[in-house]
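Visitor: I would like to learn how to read a structure like this one. Could you take me through it feature by feature?

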Amino acid sequence: MPRYLQVASVLRRRLRDGIWSVGEKIATLEELEREFGVARVTVRQAIELLQSEGLVRSQQGRGTFVTNTIDHRRWLQLATDWESLISGIRENVPHPLPAGTVGTPRVEPGEGRPAAAYRFLRSLQKRGSEPFGYARVHLARDIYAKAPKQFASRAALVVLAEMKGLEIARAHQSLTIGSADVETAKLLGIGLAAPTAEARCVVTDADGVAIYVGEITYRGDCVSLDIELRGPAAAAAPRRR
């Protein structure tokens, strides 16, 4: 990883941990240069990256000041069950992108049998005019053919959940932490190698066919995962026997 990305990662973590508050001046370029043992240009690149993410702002002759914190921008709660997932994206309007290079979806052992053919969809998810999610979805071609207009205008999972005559046997989602590559950084308006949350969801029908294989990359600065481990909500959940 380039040195400026390493420096930016450390500074980003300090902002997240509250080392510097909003409106507070961070360490000077000279101090950061000595601390990390890098050239001045490397520190400037790291600061410019954080500035492009809206976290800091440099003022000539005064220094660099914190303009936002990562925690204050984490408005997107990732769902941990099917009902919450569908209700949370029911009103989402996808912003389609050209399909580009189409590959075969990755279907791992235990996730179901691959469909005979898939239709590939790419789209952006936006909050107002700001993109926050980049979706790549493979839909079983026969399922897509039943409602092509709906799949073009609504979130694919919502269309699947409401499709009559379709029995969904299993839906599994996993979450990993990653960093933005060149394409993702450009589409989401974030810095190269900025933190991302990558959700992968596979939906299978009653015959065990993986009819939906979706991978959505979210901006890391807007995502949180909230799970009740113990307390009223956890106690109210039915126990499995």
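Visitor: Where is confidence lowest in the protein chain, and where is it highest?

Guide: The general idea first: where pLDDT is low, the predicted coordinates should not be read in detail. Here the mean pLDDT of the protein chain is 89, and 93% of its residues reach 70 or more. Confidence is lowest in helix 9 (residues 232-236), with a mean of 56. It is highest in helix 5 (residues 141-144), at 97.

Visitor: How many helices and strands does the protein chain have?

Guide: There are 9 helices and 11 strands. The C-alpha trace spans about 65 × 45 × 35 Å along its principal axes. Of the 241 residues in the protein chain, 40% are buried. Among contacts with a separation of 6 or more, 60% are between residues 24 or more positions apart.

Visitor: Now a helix. What should helix 3 span, given its 13 residues?

Guide: The check uses 1.5 Å a residue, counting one less than the number of residues. Helix 3 (residues 40-52) should therefore span 18 Å, and its end C-alpha atoms are 18 Å apart, which agrees.

Visitor: Which residues of helix 3 are buried?

Guide: T42, V43, A46, I47, L49 and L50 are buried in helix 3. Around the axis they cover an arc of only 155°, which puts them on the same side of helix 3. The face turned away from that buried side carries V41 and E48, both exposed.

Visitor: What covers the buried residues of helix 3?

Guide: The cover includes helix 1 (3-16), helix 2 (29-36), strand 1 (56-59) and strand 2 (63-66). Just after helix 3 comes G54, with a positive phi of about 80°.

Visitor: Helix 2 is on that list. Which of its residues are buried?

Guide: The buried residues of helix 2 are L29, L32 and F36. Their arc around the axis is only 65°, which puts them on the same side of helix 2. What covers them includes helix 1 and helix 3. Just after helix 2, G37 takes a positive phi of about 65°.

Visitor: With which residues is L29 in contact, leaving aside its neighbours within four places in sequence?

Guide: L29 is in contact with R40, V43, R44 and I47. Two of the residues named here, V43 and I47, are among the buried residues of helix 3. For a separation across the model, take L29 and A152: these are 123 residues apart along the chain, and their C-alpha atoms are separated by 48 Å.

Visitor: Let me try helix 4. Which of its residues are buried, and which are exposed on the other side?

Guide: In helix 4 (residues 82-89), the buried residues are L85, I86 and I89. Seen down the axis of helix 4, they fall within an arc of 90°, so they line one face of the helix. On the other side of helix 4, E83 and G88 are exposed. Helix 7 (156-162) is included in what covers the buried residues of helix 4.

Visitor: How many aromatic pairs does the structure hold?

Guide: In general, a pair of aromatic rings is described by the distance of the centres and the angle of the planes. This structure holds 2 aromatic pairs. In one, the rings of F132 and Y218 have centres 6.3 Å apart and planes at 10°, so the pair is stacked. F132 lies in strand 7 (residues 130-140) and Y218 in strand 10 (residues 209-219), so the pair ties together parts that are 86 residues apart in sequence. Both F132 and Y218 are buried.

Visitor: And what are the values for Y144 and F151?

Guide: The ring centres of Y144 and F151 are 5.9 Å apart and the planes are at 25°, so the pair is stacked. Y144 and F151 are buried as well.

Visitor: Which ring does the charged end of R136 sit over?

Guide: The charged end of R136 sits over the ring of Y134, 4.6 Å from its centre. Y134 also touches T184, a residue of helix 8 (residues 182-188).

Visitor: Is T184 buried or exposed?

Guide: T184 has a relative accessible area of 6%, and under 20% counts as buried, so T184 is buried. Leaving aside its neighbours within four places in sequence, T184 is in contact with Y134 and T217.

Key: Residues are numbered from 1 along each chain as its sequence is written. This is a predicted model: local features need pLDDT of at least 70, side-chain atom pairs count only at pLDDT 80 or more; totals for chains, interfaces and linings use all residues. Side-chain values use heavy atoms; hydrogens and water are left out. Rings of Phe, Tyr and Trp (its six-membered ring) pair if their centres lie within 6.5 Å; planes under 30 degrees apart count as stacked, over 60 as edge-to-face and the rest as tilted. Helices (H or I, at least four residues) and strands (E, at least two) are DSSP runs, numbered from the N terminus. Buried means under 20% relative accessible area, exposed over 50%, partly exposed in between (1.4 Å probe, protein chains only). A charge sits over a ring if NZ of Lys or CZ of Arg is within 6 Å of the ring centre and within 35 degrees of the ring normal. The arc is that of the directions from the helix axis to the C-beta atoms. Contact means heavy atoms within 4.5 Å. pLDDT is the predictor's confidence in each residue, from 0 to 100.
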